[in-house]
Amino acid sequence: MASRHIIAVGGSDAGISAALRIRELDPTTEVTVVVADAYPNFSICGIPYYVSGEVTHWTNLAHRTAADLAATGMRVLTDTRATRINVDDHTLDILGPDGDPGQLSYDALVVGTGAVSARPPISGLTGPDALGPGNGVHLLHSMGDTFAVMDSLQQRNPATAVIIGAGYIGLEMAEALTTRGIAVTQVEALPEVLPTVDPELGALVHTELERHGVEVLTNTTVSAINRAEGNALTVTARRGGETITRTVDFVLVVVGVRPDTELATDAGAELGSKGAIAVDDFMRTNLPDVFGAGDCVQTHHRLLGVTWLPLGTTAHKQGRVAGENAIGGTARFAGSLGTQVVKVFDLVAARTGLREHEALAAQRGWQPVSTTSTPDDHKAYYPGATPIHIRITGDDATGLLLGAQLIGHRGAEVSKRVDTYAAALFHSMTVEALNDLDLAYTPPLGSPWDATQMAAQAWVREHHLAERQRSMAGWSGAHNEVSGDG
């Protein structure tokens, strides 16, 4: 009996995770991973740290080397582009490194084509020659993009740069370029940087950027990038009725991504949330024996239901589920909470679950209310204690925890603490129940009530203490009546 053959299209988190899971569960199944470039299993999230010089060589960004992947028994076809899924025939058309067409047969297929950079409607950003080292304007989402950026930095030796976008990658790149000695102007169309947290918390990141010399322009929309004298670039933007121009040596455009779905949709795959490939909790598409995972597919969110939320952690989990089910398993993707964290110079910002307006928009009957507090990261008598700004959102009616946002010093273990909230959200805990968690304590690192619990207590005091007091008063009155009768 011939062994099964599974193909994974895409060599990033989802595709490789699927292939690894298949080889782990059934080493007799043949697995081929089709990778469009030469860099399978590279950490896209690590790119800013290679640009900054903190990661000393690009090969260090590989989660696994080519030899590591080969040792698992999978076959990896690099510089190979998948061009068509022939659903009825169970074959995949490909173009090899030399451009010659080929075809692979499969018993099941996992689509992990990921996402591509969004390109905003900016004059000077369209056309085949708009990007690259030759003109100093760049997108940044792949290893190919990374090498182009590094070539540009070496060839142009820029003293100044504009970064368009102040999300996670934009902020990390502001730090990376500043670390290289480049004067950065960061432009964000929304009212505050890091728009995945509330503006009052984003303002703390804004201040941190400026403290390190980054010029920050919010509520500012870039309209044009023009070539100026020599290698210079003029960036034109609008803020209200004001026109703003900056002439710089280097421009980076990082305003988000969109799902890369062309391969799947050409084969008849249905699309779902925000144009991503529709999949169920088993990562099945509507196409027979075709699964999807990663940034190209929609996401099951434990609080929101179906959405699209491209995250590396989610891609790893979805890929693992897709791989298992491609060989006949029944694994389910348990769902995302959108847990994210980013370091910006000496600050760390994190979030999980829902913000207040997101919970309202979900129309789940919640009455979301929030409380912000600033507990210290550890006991104040031990030197170096710093405040963590924590905003908890919960349902006023039931006390259910809905989300948390945290910003603190890089030494305040913010990423550990957001994970505490993520675990509580995963298990549908109330805000008050956080106080029952048995969390670690030692004075240099925490307090008997951890900062996460002190923030929970602040929420309860503001929103649920009166109810508890009324309950206690009722109990006391009933107790006194019984005592009096005696």
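Thr236 has 18% relative accessibility, so Thr236 counts as buried. Buried means under 20% relative accessible area, exposed over 50%, and partly exposed in between (1.4 Å probe, protein chains only). This is a predicted model: local features need pLDDT of at least 70, side-chain atom pairs count only at pLDDT 80 or more, and totals for chains, interfaces and linings use all residues. Residues are numbered from 1 along each chain as its sequence is written, and side-chain values use heavy atoms, with hydrogens and water left out.

Thr236 sits in strand S14, residues 233-239. Helices (H or I, at least four residues) and strands (E, at least two) are DSSP runs, numbered from the N terminus. Beyond neighbours within four places in sequence, Thr236 contacts Thr221, Val222, Ser223, Ala224, Thr243, Ile244 and Thr245. Contact means heavy atoms within 4.5 Å.

Now the cysteines. A disulfide is a pair of cysteine sulfur atoms within 2.5 Å. The count is 0 disulfides.

| Residue | Relative accessibility | Class |
|---|---|---|
| Cys45 | 53% | exposed |
| Cys296 | 0% | buried |

UniProt, in an unreviewed entry, places "domain: Pyridine nucleotide-disulphide oxidoreductase dimerisation" at residues 341-446. UniProt positions are given in the numbering used here, feature names are shortened, and annotations may be inferred rather than shown by experiment. Residues 341-446 are 18% helix and 31% strand. The end C-alpha atoms of this stretch are 20 Å apart.
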